[in-house]
Structure formats: structure tokens, C-alpha cells
Amino acid sequence: MSGHAAARALRRAGATVFVTDAARDEALEARAAELRKTGIEVELGGHSLANREFDLAVVSPGIPLHADIVSSLRSRGIELISEIERGL
């Protein structure tokens, strides 16, 4: 969940934020708990995007552009930006 800082910044700016990570371990669970305390919804262990609406997706640099989640977001016409772009 490398987008921790981006998620917090977007939440502080008033955005509704949903964080998803295919992995799940103790460290991620701890970070997820921190994010949830700020009102951010977090999903670990998979990506359930089917019934969700997004205006924008901030993609971590570690996610390949050919990853299923990226393809799914693109096919739905959702704007994708990198964490680096979000920081500028």
C-alpha cells in the first residue's frame, strides 16, 4: 500500500478515497487501520471494483500498466494518474 501518503492527502483535500491492494499481511493491516481512522475505505487481498464508481485512480508506480486492475479502470474510462503526478 505505497499510496498511503497520496490517500491521506486526497482525503485531507475532501475527496472520498478508496484504497485497494491485492496483498494482505500484518504491516498492510496496520496501515489500513490508520487509513480507516481518517475515513478512508481500504480493501486488502483483492480488487472488488465492479460496483464502484470512480472519478480518478491514482496508480502506484509498482503496478504494471498491463495489470488487470489498470486495464479494468481504463476500460471504464476512468482517468489514471501516477502517485508522482498527484504530488505535483
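Tutor: What follows is a set of questions on labels and the values behind them. This is a predicted model, in which local features need pLDDT of at least 70 and side-chain atom pairs count only at pLDDT 80 or more, while totals for chains, interfaces and linings use all residues. Residues are numbered from 1 along each chain as its sequence is written, and side-chain values use heavy atoms, with hydrogens and water left out.

Student: What makes Glu29 and Arg24 a salt bridge?
Tutor: The term asks for a side-chain nitrogen of Lys or Arg within 4 Å of a carboxyl oxygen of Asp or Glu. For Arg24 and Glu29 the closest N and O atoms are 2.7 Å apart, so the pair qualifies. A search of the whole structure finds two salt bridges.

Student: Which pair is another of them, and what does that pair tie together?
Tutor: Arg52 bridges to Glu41, with the closest N and O atoms 2.7 Å apart. Arg52 lies in the loop between strand S2 (41–44) and strand S3 (56–59) and Glu41 in strand S2, so the pair ties together parts that are 11 residues apart in sequence. Strands here are DSSP runs of E with at least two residues, and helices runs of H or I with at least four, numbered from the N terminus.

Student: Why is the aromatic pair called tilted?
Tutor: Rings of Phe, Tyr and Trp (its six-membered ring) pair if their centres lie within 6.5 Å; planes under 30 degrees apart count as stacked, over 60 as edge-to-face and the rest as tilted. The search finds one aromatic pair. The rings of Phe18 and Phe54 have their centres 6.0 Å apart and their planes at 40°, so this pair is tilted. Phe18 lies in strand S1 (residues 18–21) and Phe54 in the loop between S2 and S3, so parts 36 residues apart in sequence are tied together.

Student: Is Phe18 buried or exposed?
Tutor: Phe18 is buried, at 18% relative accessibility, while Phe54 is partly exposed at 22%.

Student: How do you know that the charged end of Arg52 sits over the ring of Phe18?
Tutor: The rule wants NZ of Lys or CZ of Arg within 6 Å of the ring centre and within 35 degrees of the ring normal. The charged end of Arg52 is 3.8 Å from the centre of the Phe18 ring and is listed as sitting over that ring.

How values were computed. Buried means under 20% relative accessible area, exposed over 50%, partly exposed in between (1.4 Å probe, protein chains only).
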